[in-house]
Amino acid sequence: MNTGLAIFLIVVALGVGVIAGFYGARAYMKKYFKENPPINEDMIVAMMSQMGQKPSAKKVNQVMNMMKHQQK
């Protein structure tokens, strides 16, 4: 019986570890992407330039605000 209990406890510990690891990694990545957005103003300027648009500060700010608004 002791072997069965040990195996059960190991399986439960592994399950708890996997779940805790998943939610811990998820929280870390949310915080990371909030502090370091994958797209910044320079990238938007480059993208607009490649599309043939003149990237004014107003347009860049509109795009950034729209992206921040959609993240919520």
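## Rings, patch and core

Ring pairs join Tyr 28, Tyr 32 and Phe 33 into a cluster. This is a predicted model: local features need pLDDT of at least 70, side-chain atom pairs count only at pLDDT 80 or more, and totals for chains, interfaces and linings use all residues. Residues are numbered from 1 along each chain as its sequence is written, and side-chain values use heavy atoms, with hydrogens and water left out.

Q: How many aromatic pairs does the count come to?
A: Rings of Phe, Tyr and Trp (its six-membered ring) pair if their centres lie within 6.5 Å; planes under 30 degrees apart count as stacked, over 60 as edge-to-face and the rest as tilted. By this rule, the number of aromatic pairs is three.

Q: What kind of aromatic pair do Tyr 28 and Tyr 32 form?
A: The two ring centres are 6.3 Å apart. The angle between their planes is 25 degrees, and the pair is stacked.

Q: In which helix do Tyr 28 and Tyr 32 both lie?
A: Helices (H or I, at least four residues) and strands (E, at least two) are DSSP runs, numbered from the N terminus. Tyr 28 and Tyr 32 are four residues apart, about one turn of the helix. The element that holds both, residues 2-35, is helix 1.

Q: Why is the pair of Tyr 32 and Phe 33 edge-to-face?
A: The ring centres of Tyr 32 and Phe 33 are 5.5 Å apart. The pair is edge-to-face because the planes stand at 70 degrees.

Q: Is Tyr 28 buried or exposed?
A: Buried means under 20% relative accessible area, exposed over 50%, and partly exposed in between (1.4 Å probe, protein chains only). Tyr 32 has 37% and is partly exposed, and Phe 33 at 39% is partly exposed too. Tyr 28 has a relative accessible area of 53%, so Tyr 28 is exposed.

Q: Which residues make up the largest nonpolar core?
A: A nonpolar core is a set of buried Ala, Val, Leu, Ile, Met, Phe, Trp, Tyr and Cys residues joined through side-chain atoms within 4.5 Å. The largest one has five residues in all: Ile 44, Met 48, Val 60, Val 63 and Met 64.

Q: Which helix gives the largest share of this core?
A: Two elements give two or more residues to the core: helix 2 (41-50) and helix 3 (57-71). The largest share is three residues, and its source is helix 3.

Q: How far apart in space are Pro 37 and Met 67?
A: Pro 37 lies in the loop between helix 1 and helix 2. Its relative accessible area is 41%, so Pro 37 is partly exposed. Pro 37 and Met 67 are 30 residues apart in sequence, and the C-alpha to C-alpha distance is 9.8 Å.

Q: What radius of gyration does the chain have?
A: The radius is taken over C-alpha atoms; the globule rule is 2.2 Å times the number of residues to the power 0.38. A compact globule of 72 residues would have a value near 11 Å, but the chain has 23 Å.
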